[in-house]
Protein chains: 2
Amino acid sequence: MDSLRKDNFRVHSEPVPGLPRWKRGDDSAFVVEPRKHKLNILAIDGSPPGQVEGDVVVIRSTTELQAKNVRGKIVVTAQKWTGYGPTVKFRRIATEAAKYGASAVLVKSVTPFSLYNVHTGAGARGSPIPAACITTEEADMIARWSDRGKRVVIRLNITSSPSDDLVLSRNVVFEIPGSTLPQEIVLISAHIDSWDIGQGALDDGGGLAAVRAAMLAIQRLAQVNPAFRPKRTIRAVFWTAEEQGTLGARYYCANHLNTDERFVFASESDQGAFRPRNFNSILRYQGDEKHKRKIEEIVDILNGNGVPLRVVNSRDQVDVACFANAGIPSVNYEPDRGKDYYFNFHHSEADYVSIFEEDDISYTAGIFAVLAHNIANMDDW
Amino acid sequence: MDSLRKDNFRVHSEPVPGLPRWKRGDDSAFVVEPRKHKLNILAIDGSPPGQVEGDVVVIRSTTELQAKNVRGKIVVTAQKWTGYGPTVKFRRIATEAAKYGASAVLVKSVTPFSLYNVHTGAGARGSPIPAACITTEEADMIARWSDRGKRVVIRLNITSSPSDDLVLSRNVVFEIPGSTLPQEIVLISAHIDSWDIGQGALDDGGGLAAVRAAMLAIQRLAQVNPAFRPKRTIRAVFWTAEEQGTLGARYYCANHLNTDERFVFASESDQGAFRPRNFNSILRYQGDEKHKRKIEEIVDILNGNGVPLRVVNSRDQVDVACFANAGIPSVNYEPDRGKDYYFNFHHSEADYVSIFEEDDISYTAGIFAVLAHNIANMDDW
């Protein structure tokens with residue numbers, strides 16, 4: 001916030017109470033049979049502590065939880081990567097596995113490519129059994145053993161633990177006040193929380209940096225010539241607790257939607273602030289057709305300046321879903337590398353700032369700046 | 001060896017004495033300044049133990065060892081990947097850094113792409129100062145700090161240790177005796193040792209599997225019809241101590257080259273037993289032009305069967321360099337993925353068998369089987 005103040009933004013934070021708390025412990029898992037082998041694991045958010053030793057049942061689809069007898073067993077998942085949406089459901093399997101009597105779950109990391117880096121994330125909140133992710137290499141090794149009829153026994157010690165105490169966090173809000181329509185808000189956003197491993201550079205430090213750079217560009221433009229000052233207010237919000245279920249954004253939306261403020265646009269940046277390299281780069285759009293066409297007009301300008309981008313209807317707005325569902329035109333930026341490539345690093349120790357090339361942040365910032373500035377000034381928005 | 005005997009091969013092992021010994025300890029390194037940060041490290045083969053705390057000097061080229069004052073400092077390398085050959089020299093920098101007074105070296109992992117996986121390898125044997133590799137992410141982070149003028153302090157504790165005791169290992173040898181020219185040997189080989197981390201699947205389990213599968217294919221062909229039995233002896237050797245400097249192969253070569261046996265061809269497989277996908281897949285060839293043309297004739301057959309491959313002059317024969325340097329026509333198989341892709345996994349925890357697709361081993365085996373069988377039967381070889 002100090003850094004934003006130094007850049008002459010009006011900055012404040014808004015409390016978000018009642019967030020769940022979970023502390024990562026010193027967790028470990030070993031294969032005991034068919035041979036001793038230390039597994040590379042990361043507990044899944046919300047996992048309760050527990051010491052479990054037992055036989056393994058491997059599943060490759062969620063229906064196998066029912067089809068195979070998992071009672072008293074440690075479930076190891078060995079699903080194929082078929083995109084994040086369909087694959088991440090395995091990371092959320094703990095509570096259901098517990099219903100079928102499983103004693104623990106070890107989930108193959110949700111990634112299309114691995115260099116022995118284990119991924120974590122949300123998925124075990126409220127689960128009565130311990131849940132952790134393992135590397136794809138090890139999940140597949142265990143699956144091969146199991147396919148060959150070998151008995152696999154794992155010893156798991158999870159000391160990670162949720163707490164009944166709820167905690168307070170904060171959204172960070174700063175804005176460029178509109179000159180003639182200050183009560184109309186053009187919202188651009190990213191989330192300030194990240195997982196405890198790695199640097200959180202890609203998820204979502206890059207998003208933050210891009211939103212910040214977009215705001216700076218617009219502010220400096222207005223300083224060069226007051227005529228460039230946006231008519232509507234452009235507000236940036238750095239959400240808290242996205243990883244726990246977009247909790248910061250939901251709270252903000254619930255408290256701001258029915259006030260004097262009128263949100264006219266909302267954007268999300270959570271898929272890696274990569275430079276768009278081709279037309280697989282999209283703005284996931286949720287809203288009416290009239291505003292979609294207007295956004296397409298702005299995207300045409302970007303295309304004309306060598307930025308490949310398309311507008312695609314989608315109801316996947318993540319942090320700004322609450323705004324989108326209230327009928328506010330919303331976009332979620334997904335560069336071409338925001339698909340499979342992004343998930344190589346996502347929620348793992350590999351989420352380091354070295355993922356980005358220098359142009360990545362500035363191009364992403366350019367997209368948000370052009371969108372926000374045009375929308376903030378459009379007479380017939 | 002039991003498994004090879006079950007497949008009806010004549011198998012024996014041959015002692016290789018005098019190998020150096022080095023034991024990986026429980027090594028650790030922390031950044032102390034500008035902020036506390038645990039580094040992901042792997043000691044480099046031969047590193048002596050040592051506890052060192054000190055200021056960091058970052059180098060990006062080997063000449064900077066001289067240009068910068070490294071006396072009493074911990075040298076961190078932040079070289080760019082420019083291919084394995086030119087980049088791996090940084091992993092061998094410890095002894096020279098010690099000459100300029102450095103107290104330790106931390107080498108950026110030698111890889112074109114990282115997911116926070118640290119790589120190890122040979123390079124510090126005889127070094128008076130501790131030497132370890134760190135992730136590319138962390139080397140670059142330290143370099144960024146240093147570029148910004150921040151003081152970087154690292155605390156290193158290496159307990160890995162070389163021993164004065166020399167150890168005995170063994171090469172594994174099996175063959176298909178030639179029907180009419182048994183004293184002429186067509187040698188196909190891979191190495192049986194690997195680093196202690198990961199599975200050693202790519203370096204060089206895949207090579208072993210491909211050589212073994214090639215030998216099985218030739219043997220079964222001979223069983224189907226004795227006319228297919230090779231005229232010359234086809235011998236497979238699984239070398240020990242390649243990683244320590246092709247020591248097993250050198251010893252074998254020194255002891256076998258000047259005997260009644262006459263080696264007529266030698267091959268190496270150490271760049272990943274990947275299926276060739278395009279004509280960037282090569283046989284690095286060392287030898288005379290006459291035999292090169294004959295190998296090209298065999299490669300033509302492979303090309304005609306949909307296996308893209310070229311023959312390229314090269315003096316990079318690794319394990320079979322001793323044979324090649326003695327004038328024996330030699331090839332070293334390098335598939336297209338044996339270049340940059342291979343080094344994503346090489347000498348790291350990520351070297352798991354999941355790297356290979358099923359066809360990879362069988363295509364690689366096919367290449368060696370076709371080469372060995374044709375050469376073993378060629379009248380005018």
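Analyst: Between them, chain B and chain A bury about 1,600 Å², and 69% of that area is on carbon and sulfur atoms. The size of an interface is often given as the accessible area lost when the parts come together. On the chain B side, the residues that lose the most area to chain A are Leu115(B), Tyr116(B) and Tyr352(B), which together account for 38% of what that side buries. In terms of residues, the contact draws 20 from chain B and 20 from chain A.

This is a predicted model, and the predictor assigns the complex an ipTM of 0.93 together with a pTM of 0.95. For chain A, the mean pLDDT is 97, with 100% of the residues at 70 or more. Where pLDDT is low, the predicted coordinates should not be read in detail.

The crossing in which H8(B) passes H11(B) is right-handed. From H8(B), the residues that make this contact are Ile295(B), Ile298(B), Ile301(B) and Leu302(B), and from H11(B) they are Ile367(B), Val370(B), Leu371(B), Asn374(B) and Ile375(B). Sorted by class, the contact of H8(B) with H11(B) holds eight nonpolar residues, one polar residue and no charged ones.

In chain A, helix H8 (residues 289–304) of chain A packs on helix H11 (residues 358–377) of chain A at an angle of about 135°, and their axes are 10 Å apart. That angle makes H8(A) oblique to H11(A), and the crossing of H8(A) and H11(A) is right-handed. Here Ile295(A), Ile298(A), Ile301(A) and Leu302(A) of H8(A) meet Ile367(A), Val370(A), Leu371(A), Asn374(A) and Ile375(A) of H11(A). The contact of H8(A) with H11(A) comprises eight nonpolar residues and one polar residue, with no charged residues.

H11(A) also packs with H6(A), and the axes of H6(A) and H11(A) come within 8 Å and cross at roughly 55°. H6(A) and H11(A) are therefore oblique to each other, and their crossing is right-handed. On the H6(A) side, the contact involves Gly206(A), Ala209(A), Ala210(A), Ala213(A), Ala214(A), Ile218(A) and Leu221(A), which meet Ile361(A), Thr364(A), Ala365(A), Phe368(A), Ala369(A), Ala372(A) and His373(A) in H11(A). By class, the residues of the contact of H6(A) with H11(A) are 11 nonpolar, three polar and no charged.

Some details of the backbone deserve a separate look. Most residues other than glycine have a negative phi, and most peptide bonds are trans. The peptide bond from Asp203(A) to Asp204(A), however, is cis, with omega near 15°, and Asp204(A) is found in helix H6 (residues 201–224) of chain A, a helix whose contact with H11(A) includes Gly206(A) and Ala209(A). In chain B, a cis peptide bond joins Asp203(B) and Asp204(B), where omega is about 15°, and Asp204(B) lies in helix H6 (residues 201–224) of chain B. Elsewhere in chain A, Asn8(A) has a positive phi of about 70° although this residue is not a glycine, and Asn8(A) lies in the loop between helix H1 (2–6) and strand E1 (10–23) of chain A.

Terms used:
Residues numbered from 1 in each chain as written. Chains lettered and ligands numbered in written order. Predicted model: local features only at pLDDT ≥ 70, side-chain atom pairs only at ≥ 80, totals over all residues. Heavy atoms only, no water. Left-handed = near helix turned anticlockwise from the far one by under 90°. Helix = DSSP H or I, 4+ residues; strand = E, 2+ residues; numbered from the N terminus. Contact = heavy atoms within 4.5 Å. Nonpolar A, V, L, I, M, F, W, Y, C, P; charged D, E, K, R; others polar. pLDDT = per-residue confidence, 0-100. Buried area = accessible area lost by both parts, 1.4 Å probe. Axes fitted to C-alpha atoms, helices over the stretch in contact; angles between N-to-C directions. Parallel < 35°, antiparallel > 145°, perpendicular 65-115°, else oblique.
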